[in-house]
Amino acid sequence: MNGWMGKITKIDLGSLEQETVAIDDEMRRRYLGGRGLGVKLYTDLCSAKTDPFAPDNALIFMTGPLTGTVMTSGRYAVVSRSPLTGTICDSSSGGSFGAVLKSAGLDGLVIQGRADHPVYLYIHDGGIEVRDAAGLWGLNTQQTQKAIQEQTPAKTSVACIGPAGENRVAFAAIMNDKDRAAGRGGMGAVMGAKNLKAIAASGSQAVTIADPEGYKAMNARLERIIDKNPVTGKALQVLGTSVLVNIINAHGMFPTENFRRGMFNDAEGTSGEKIAESLLQRQSACYKCPIGCGRTTRTKNKHGEGPEYETVWAFGAQLGVSDLTAITEANYACNELGLDTITMGSTIGCAMELSETGAWKEKLDWGDASKLLAFVEDTAYRRGIGAELALGSKRLAEKYGRPELAMQVKGMEIPAYDPRGVQGMALSYATSNRGGCHMRAYMISPEILGHPVFLDRFSTVGKAEIVALFQDISALVDSTVLCRFLQIAMGISTFTEMLRTVTGLDFSDEELLKIGRRIYTLERVFNNRAGFSRGDDTLPPRFFNEELQTGSSRHRLVRLEEMLDDYYSVRGWDKEGVPLPRTLAELGL
Amino acid sequence: MAGKIVVKFYGLLRRQVHAPVLEIASDELNILQLLQLAKDKTGQNFLSELLDPEKKLLTGTIILVNGENIRLKQNLETLVRGGDSIDLFSPAGGG
């Protein structure tokens, strides 16, 4: 078989039984791998009533047909039901773990059941060994990776949880290859609920390429495309993703103090430009990545990876904090303890506003960086104030009677772009299948950054079609599984070419878009069954009722109702956001 | 003339133009003329970070006049005058 390894194993951690999951060629072609095949397998195995922490909930690690082949192909996807949102969820991560898992002989693994004591899985030669992890329980993610690497062959790659996952914090991350994170949606908590501390993989099996000569020529061409593009060839390398701080701030949509304002006075001091001239030690890159957007940094006390744009914001402007060292060290702590930085920071911001309004008795002050590390650590261990922050913003704000102060969609905190300044992104947030996320359809690209084309950010005209298209393309790329940054320089036809060259199958652009649409619709079907519908495709009331007062997004509000019906119509869903029977039939669902 | 035109440099431009802000006293002029003037005043040829060899905006270049993108105005022919604030961003990505 070309592209895929041809083996997915299901393991029950309770009974320790293993079986090969039957996947036929048609299913591979219809869902590819990664997010798509993961979602398909998940929805076949689990119902919308499955509790994320129940033993029968499936946790699926999946690579794709391009994993371990072309540039940026070290990634993997994790699929399960999110304990944060209750939606279907996939979370993906870079590094090399995906490529190494495949070299160990598996396209993916499906984990069900709960171990009766802490374990880790060691995957090699196509087999899975269940190993005792009692001695690893309680270790942070860096210690865990190091300890497992001492017990396994050189170049073993480890994906693991930290204390936050062990303690089932609803936004616990899975960390691999030191500091790469499958961050969003609490996949680490699902892992912790299974008593599964880590998955380690090592191997030397190569992915078979259908057209080796074409592959070689294609790779050389892809390298040139990436190198020639000013963003992938230079800007991301030199300045990292935090180059966005000044850009988004200048557009008056850099969320400040829990989205009450759109401009942060100290943005410059937390920008990518500032990081490059202060904390940056060197750039870092994932497996076979020519871009190298990662930041290896050092503060006076510590060193590690990050912060990237979303984290700079979450621990910075969102809290009114301008201390770049404090932001960076809070990032390191999240990496070590295994927490999603976006939800962590946004929840602290929500807590600060709750405190200010008097709804919460705890005294938290905007701009106070002195307690950030304690907040992060206490959250991972669910102690003191951290036991409350571990709820995430939605449950926290509901608990104190002010649900409108949580800046979330479907329970997931929205990231660092105020939707009042960018209408397409607002629709993208509202209709995202995993909640408030920028990665389902990154409308910032056309509406702010101007690629592949420039769109008026304040217009709602035509946005429904583009959001749906971007969602489909994102679902597709997440299923190959490659880095989204390739999309900055490459269109859909390049992904088609990569898949054709590696798998030998005669994919077309149209077929790939249909695959993306099928995946997005299947996720929606699951969410509908779980009770989500039109009423959940919305944003916090702040974005409809409170105008921004300064900057170039001032006096703007989100105009979701101008886009939502169009969006459902484009999608072939009814007015409640439920896919119509003919839509399901067209997609073979 | 109501004050100077304030030009702010971001992103990769910072590596070429060592001061992040330049103030220019000038009569009304368009953005392309302003960029040429800024190049002369800084002594740094940063234009290739923003424009292609035909002097068109590169995909991804962002130039804001008082916070508004010139692509929604008259592109490089957008007129500016004293008191205006101009932000120059070389193409960027992230997320």
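# Close-up views of the predicted model

**View 1. Helix 17 and helix 19 of chain A.** Helix 17 of chain A passes helix 19 of chain A in a right-handed crossing (a crossing is left-handed if the near helix is turned anticlockwise from the far one by less than a right angle, and right-handed if clockwise). On the helix 17 side the contact is made by A:Q423, A:G424, A:L427, A:S428 and A:T431, and on the helix 19 side by A:K463, A:A464, A:I466 and A:V467, where two residues are in contact if their C-beta atoms, placed from the backbone, lie within 7 Å. The residues of this contact divide into 4 nonpolar, 4 polar and 1 charged; Ala, Val, Leu, Ile, Met, Phe, Trp, Tyr, Cys and Pro count as nonpolar, Asp, Glu, Lys and Arg as charged, and the others, Gly among them, as polar. The axes of helix 17 (residues 423-431) of chain A and helix 19 of chain A come within 10 Å and cross at roughly 55 degrees, the axes being lines fitted to C-alpha atoms, for helices over the stretch in contact, with angles that run from 0 to 180 degrees between N-to-C directions. Helix 17 of chain A and helix 19 of chain A are therefore oblique to each other (angles under 35 degrees count as roughly parallel, over 145 as roughly antiparallel, 65 to 115 as roughly perpendicular and the rest as oblique).

This is a predicted model, in which local features need pLDDT of at least 70 and side-chain atom pairs count only at pLDDT 80 or more, while totals for chains, interfaces and linings use all residues. Residues are numbered from 1 along each chain as its sequence is written, and chains are lettered from A and ligands numbered from 1 in the order in which they are written. Helices (H or I, at least four residues) and strands (E, at least two) are DSSP runs, numbered from the N terminus.

**View 2. Helix 19 and helix 24 of chain A.** Helix 19 (residues 463-477) of chain A also packs with helix 24 (residues 561-571) of chain A, at an angle of about 50 degrees and with their axes 8 Å apart. Helix 19 of chain A and helix 24 of chain A are therefore oblique to each other, and their crossing is right-handed. In this contact A:K463, A:A464, A:E465, A:V467 and A:A468 of helix 19 meet A:M563, A:D566, A:Y567, A:V570 and A:R571 of helix 24. By class, the contact has 6 nonpolar, no polar and 4 charged residues.

**View 3. Helix 19 and helix 22 of chain A.** The axes of helix 19 of chain A and helix 22 of chain A come within 7 Å and cross at roughly 95 degrees, which makes helix 19 of chain A roughly perpendicular to helix 22 of chain A. From helix 19 of chain A, A:Q471, A:D472, A:I473, A:A475 and A:L476 meet A:L512, A:L513, A:I515, A:G516, A:R517, A:I519 and A:Y520 of helix 22 of chain A. The residues of the contact divide into 8 nonpolar, 2 polar and 2 charged. Helix 22 (residues 509-529) of chain A has 21 residues and reaches 31 Å from its first C-alpha to its last, close to the 30 Å expected at 1.5 Å a residue, where the expected span is 1.5 Å times one less than the number of residues. Just after helix 22 of chain A, A:G531 takes a positive phi of about 105 degrees.

View 4. The peptide bond from A:G306 to A:P307 is cis, with omega near 5 degrees, and A:P307 has its place in the loop between strand 15 (303-305) and helix 11 (309-314) of chain A. A cis peptide bond also runs from A:T480 to A:V481, with omega near -5 degrees, and A:V481 lies in the loop between helix 19 and helix 20 (486-489) of chain A. In the loop between helix 14 (372-381) and helix 15 (385-389) of chain A is A:R382, whose phi is near 50 degrees, a positive value in a residue other than glycine.

**View 5. The side of chain A that touches chain B.** The contact takes 29 residues from chain A and 21 residues from chain B. Helix 8 (230-239), helix 9 (244-250) and helix 18 (444-449) of chain A each supply at least two residues of the side of chain A that touches chain B, and the largest share, 7 residues, comes from helix 8 of chain A.
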